[in-house]
Amino acid sequence: MPAGVAVGLADLDMPRELAARTYISIRLWRQLPSGGHFLSREEPDLVAAALREFFHGLGG
């Protein structure tokens, strides 16, 4: 199952390797310039852009 990960500024210490233990097929990894633990509430436009990019990349 393809996965996309968006990491906010407050969680930049989240290593991709840790996420890769759970999500085998990471297709999008975005480190966003702002946002905290409640990323979608704090930065909805950035999250929406990452979602669009992820799903656009799945089209084929």
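Here is a chat about a pocket, a helix and a few residues in a predicted model.

Visitor: Before we start, what should I keep in mind about this model?
Guide: Residues are numbered from 1 along each chain as its sequence is written, and side-chain values use heavy atoms, with hydrogens and water left out. The model is predicted, so to speak of local features takes a pLDDT of at least 70 and side-chain atom pairs count only at pLDDT 80 or more, while totals for chains, interfaces and linings use all residues.

Visitor: OK, what's the volume of the largest pocket?
Guide: About 170 Å³. A pocket here is an open set of points on a 1 Å grid over the protein atoms alone, where a 1.4 Å probe fits, with protein on both sides within 12 Å along at least five of seven lines. The volume is the space filled by probe spheres set on the points, which are joined across faces, edges and corners.

Visitor: Which residues line the largest pocket?
Guide: Gly4, Val5, Ala6, Leu28, Leu39, Val47, Ala50, Leu51 and Phe54. A lining residue has an atom within 4 Å of a point.

Visitor: And how do they divide into nonpolar, polar and charged?
Guide: Eight are nonpolar, one is polar and none is charged. Ala, Val, Leu, Ile, Met, Phe, Trp, Tyr, Cys and Pro count as nonpolar, Asp, Glu, Lys and Arg as charged, and the others, Gly among them, as polar.

Visitor: Where does the largest share of that lining come from?
Guide: From H3, with four residues. Strand E1 (2-7) and helix H3 (44-58) each supply at least two. Helices (H or I, at least four residues) and strands (E, at least two) are DSSP runs, numbered from the N terminus.

Visitor: Let's stay on H3. Which of its residues are buried?
Guide: Val47, Ala50 and Phe54. Seen down the axis of H3, they fall within an arc of 60 degrees, so they line one face of the helix. That arc is taken from the directions from the helix axis to the C-beta atoms. Buried means under 20% relative accessible area, exposed over 50%, and partly exposed in between (1.4 Å probe, protein chains only).

Visitor: What do the buried ones pack against?
Guide: The buried residues of H3 pack against E1, strand E2 (25-31) and helix H2 (39-42).

Visitor: Tell me about Phe54. What does it touch?
Guide: Pro2, Ala3, Gly4, Arg27 and Leu28, not counting residues up to four places away in sequence. Contact means heavy atoms within 4.5 Å. Phe54 has 11% relative accessibility, so it counts as buried.

Visitor: New topic: where is Arg16, and what is it in contact with?
Guide: Arg16 sits in helix H1 (residues 16-20). Leaving aside neighbours within four places in sequence, Arg16 is in contact with Ile26 and Trp29. Its relative accessible area is 38%, so Arg16 is partly exposed.

Visitor: And Leu12, where does that lie?
Guide: In the loop between E1 and H1.
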